[in-house]
Amino acid sequence: YHVFAADIVQEMNEKIEKNKDEIDTLSKKLQIYQNKIKEARKEVKTLKNELTILEDEIEKNSIDIEITEKQIQKTNLEIQKIVLAIDESEKKIELQKKYLTDFIRIMYENDQVSYLEIFFMNKSFSQFFDHYEYLENIQQKIQSTVKEIKSLKSNLEIQKSTLNEKKKRELELKEELGVKRGELVSTSNQK
């Protein structure tokens, strides 16, 4: 499962990079149209000039809409990637909790027997110390597992916070897209 998730994350990272490149290309194209409009406005006003300005503004708005759509796609991919990471973190937490439960159960079972009983149950002093070291090892595992769970939960909270931020950003981009589409319609109607 982990390898599969890593492949998906890698694929999403590639798509995100591709979207970034497309956004950069479109942004350069947008800048060209903004400059053309700026230069055309400096010229003497003629009907042909006004028509050219409107056509350039329509093209600029179309590119602006395309950039926003690409940003929405990129944000959506980032959201999917974070959701996968959250799912992975939750599974790791559950696994660590299971380990912790097992370790605590072992310690409980061993606490029910006194050291004197353990000493007499073992055939040698060496076996007694091996058993004692085993219990010390379990105790260390409990401590490290608790630390791991705390760390995973902390990371999970960060991931959830990032997810909420990305979802807000996606909503903002969708609202922005609606406004830009309205501007495109308005500019197209002026033509």
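Reader: What does isoleucine 142 touch?

Author: Isoleucine 142 is in contact with Leu100, Phe103, Ile104 and Met107, leaving aside residues up to four places away in sequence. Contact means heavy atoms within 4.5 Å. This is a predicted model, in which local features need pLDDT of at least 70, side-chain atom pairs count only at pLDDT 80 or more, and totals for chains, interfaces and linings use all residues. Residues are numbered from 1 along each chain as its sequence is written, and side-chain values use heavy atoms, with hydrogens and water left out.

Reader: What makes up the largest nonpolar core?

Author: Its eight residues are Leu100, Phe103, Ile106, Met107, Leu135, Ile138, Ile142 and Ile149. Helices α2 and α4 each supply at least two residues of this core. A nonpolar core is a set of buried Ala, Val, Leu, Ile, Met, Phe, Trp, Tyr and Cys residues joined through side-chain atoms within 4.5 Å.

Reader: Why is threonine 145 called buried?

Author: Buried means under 20% relative accessible area, exposed over 50%, and partly exposed in between (1.4 Å probe, protein chains only). Threonine 145 has 5%, so it is buried. It touches Gln96, Tyr99, Leu100 and Phe103, not counting residues up to four places away in sequence.

Reader: Why are α2 and α4 called roughly antiparallel?

Author: Helix α2 (residues 47-111) and helix α4 (residues 125-190) pack at an angle of about 165°, their axes 6 Å apart. Angles over 145 degrees count as roughly antiparallel, under 35 as roughly parallel, 65 to 115 as roughly perpendicular and the rest as oblique. The two helices are therefore roughly antiparallel to each other.

Key. Axes are lines fitted to C-alpha atoms, for helices over the stretch in contact, and angles run from 0 to 180 degrees between N-to-C directions. Helices (H or I, at least four residues) and strands (E, at least two) are DSSP runs, numbered from the N terminus.
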